[in-house]
Amino acid sequence: PQAWGQHEAPRRVKRAWVIPPISVSENHKRIPHLLVQIKSDKQQPGGVIYSIKGPGVDEEPLGIFSIDKFSGKVFLNAMLDREEHDRYRLRAFALDLGGVTLEEPTDLEIIVVDQNDNRPLFRQDVFTGRVVEGAEPGTCVMTVDATDADDPDTDNAALRYSILEQGAAGMFSINATTGEICTARPGLDRETMGVYNLTVQAADMSGDGLTTTAMAVIYLEDINDNPPEFTKEEFSMEVEEQAAGVDVGKVFVHDKDLAGSPSWLAKFTILEGDPEGAFAIRTDPHTNDGVLSVVKVGRGQPGVPRGSRDSADPWPLPQPLDHEVRDRFELTVSVQNERPLEPSAPGSPRALATVRVRVRDVNEAPAFRENPRRISVLEGTPPGTAITTYTASDPDTHQLQTLSYALLYDPADWLQMDPHAGTVRTKRELLHPSAFLQGGWYIALVLARDDAEPPLSATGTLSIEILEVNDHAPQLQPPAGVLCGRPGRGGTLLLGATDDDRPPHGAPFHFQLSPQLPQLARNWSVARFNGEVTHAVLAVLAELPEGPYSLPLLLRDSGTPPREQLQLLNVSVCHCGRDGTCLDGALAAASAGAGITLGALMIIGLLQRSRDDMRDNILNYDEQGGGEEDQVSRAPAPRTSRNSSMRWVRARPAPPSAQSPGADGDPLSPQGLEAADSDPSVPPYDTALIYDYEGSGSVASPLSSIVSSLTDEDQDYDYLSEWGPRFRRLADLYG
């Protein structure tokens, strides 16, 4: 051996020192247990020191393996668990007694052999699955799965699945290898059994080893395979007449499908017995019963079967429930589910029911069939005139009742009412204008009351249109004005009018020079102003001297019949400047914006002529001689004082002996005009009026009243004293 060892030294050492893997079963209980003996032939026995290092020796887990340092025997000192460590890789060393390495370190691999010491484990204790009822066989529901900690390459981890318990029906099967659970037979019915509890098992060693169990819970999902059914064929209810939007009663149904699901929720329809659509039926979402109600009056829904409407549908209904019209209803009601019924589901003999509703009679309030009642009455209708009869009707035709009437609201106290007949009469004249009229209408309220116990009442509105009567003629506004006396250059004046009557008895207005004095048209014209219906333009046709003029105008409205009135327009003619403005005396001052009133301007004219003490010529009047010499007549008059008044007087010729034929007091009479025109001692005249002084205390109106609407009592006239001597007298009067 020694020689052989020397001859083959390199190969023999290598082969002797290489250690093949060592296998040891886990859970080995007899310890210490000799695993292997290693040795080196470099020296004689007893001359080598052996050692091992690595996990299980000097590394965690410590102390599992050890070696006899002299003999080289390796021992197992503890039980092994393959699931913790399936192998250990150690290093073996050989040294001489002096500690010198005899051999290179070599690997020592210890393989832990698996034993079936672990049961399978399901991933969860309870598995849950769902399948619709009536599912075909082979419909897969769920998969259960388990694990095994043993070596997956051995039968120790080869699992097989099975169903240990599921009830007598055996409705489900399981794939032994994959754990998939599927339906095995037809006939799953949720209404018969809604939940299946299966006990499933997993076993290793291909089903012959260790086992474990879990629960598989399968829920059946509902389908609409059961129609809803009425609990009985007939239902009876009662409701008061005139009720609206109230529940009458319930119809009860039963459905075997899952409560709260669309397959369970019922939908009701009134098929017959309600042609007016007076009733509606809805579903109580909690009980699934049908709730019959009276539709709110005036609402409904077209195109929907009668009775299936709810209170939000817009379809007008003719009348509310009325015992006198119809005292009972017999309705045919159907029921079905919100979700369509499965084709395989059987029909129900109780899908229809009869609902009898009795309408109970109650006292009803009277009603005005015409509300509001509109009538028209002429203004000024005398008191006691019957204008209408406004009565109500009592819906309670089966009860003997009497109605009485009273005025509930009559703000102007214009009316009176017969409490039995309902006749309305005027108590006083109804006139325009009135604060109680709204747009020409007078509103009153009438109360009708029955004599039941307790009594009921109704209110009717009486709208009275007060028809306008043309009882006012138009009034000239303003009644005076100032214009230049030269045609075409400021010789115009804008005229207006108002009328107390309401349309159509007011505008448009017609302005006309007095037809009784055609000679006025020689010097004056009146024309409509730019198409306006309330204004006209007065224009001079011939150059006129300065002074006041009084023109009789005829104003007519557009009423039926029209009303007209002859009125005087007081015009002050001034001297015209180049631009058509008043420049002479006080009128010039007015045109300059000094704020002088027309009355003051007239006085300026008087004061100018008083400088030469000519007091007999006070004011000028319109002289309408077309192409003739228009002059101012003069008449003697007393000196004016601060308290003197300007008066209108009848025509007076210049010579005292020539009395005019117009002495009858009519200042516009043709006789007075003729006398003035035929008098040879004076120039021709177009008018019969001359202003003159009549003395203080005259009952005639002062001339200043002609233009009273144009005066301003708050005007400050102190500045007149600054205009020079010609305005000193005026400053004394107005300052």
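Modeller: Start with phenylalanine 127, which counts as buried at 4% relative accessibility.

Biologist: Why is phenylalanine 127 called buried?

Modeller: Buried means under 20% relative accessible area, exposed means over 50%, and partly exposed is in between, with a 1.4 Å probe and protein chains only. Phenylalanine 127 has 4%, so it counts as buried. Phenylalanine 122, at 11%, counts as buried too.

Biologist: What kind of model is this, and how are residues numbered?

Modeller: This is a predicted model: local features need pLDDT of at least 70, side-chain atom pairs count only at pLDDT 80 or more, and totals for chains, interfaces and linings use all residues. Residues are numbered from 1 along each chain as its sequence is written, and side-chain values use heavy atoms, with hydrogens and water left out.

Biologist: How many aromatic pairs does a search of the whole structure find?

Modeller: The search finds 11. One of them joins phenylalanine 122 and phenylalanine 127.

Biologist: What makes phenylalanine 122 and phenylalanine 127 an aromatic pair, and which kind?

Modeller: Rings of Phe, Tyr and Trp (its six-membered ring) pair if their centres lie within 6.5 Å; planes under 30 degrees apart count as stacked, over 60 as edge-to-face and the rest as tilted. Here the centres are 6.1 Å apart and the planes make 70°, so the pair is edge-to-face. Elsewhere, ring pairs link Phe230, Phe235, Phe252 and Phe268 into a cluster.

Biologist: Is glycine 170 buried or partly exposed?

Modeller: Glycine 170 has 24% relative accessibility, so it counts as partly exposed. It is found in the loop between strand S12 (160–165) and strand S13 (172–174). Strands (E, at least two residues) and helices (H or I, at least four) are DSSP runs, numbered from the N terminus.

Biologist: Which residues is glycine 170 in contact with, leaving aside neighbours within four places in sequence?

Modeller: They are Ala184 and Arg185. Contact means heavy atoms within 4.5 Å.

Biologist: Now threonine 388. What joins its side chain to that of arginine 373?

Modeller: A polar contact of 2.8 Å joins them. The term means a pair of N or O atoms within 3.5 Å; within protein, one must be able to donate a hydrogen and the other to accept it, and residues adjacent in sequence count only if both atoms are side-chain atoms. Threonine 388 lies in strand S27 (residues 386–389). At 12% relative accessibility, threonine 388 counts as buried.

Biologist: In which order do the 4 strands of the open sheet come?

Modeller: The order is S34-S40-S39-S36, with mixed pairing. Strand S34 (480–484) and strand S36 (510–513) stand at the edges, each with a single partner strand, so one side of each is left without a neighbour in the sheet.

Biologist: How do you know that strand S39 and strand S40 pair?

Modeller: Two strands pair if DSSP finds at least two bridges between them. Strand S39 (residues 547–556) and strand S40 (residues 564–574) are joined by 10 bridges, so they pair, and they run antiparallel. Tyrosine 549 stands opposite valine 571 in S40, and arginine 556 has glutamate 564 in S40 as its bridge partner. S36 and S39 also run antiparallel, joined by 4 bridges. There, glutamine 512 stands opposite leucine 554 in S39.

Biologist: Why is S39 described as largely enclosed?

Modeller: In S39, 9 of the 10 residues are buried, so the rest of the structure largely encloses this strand.
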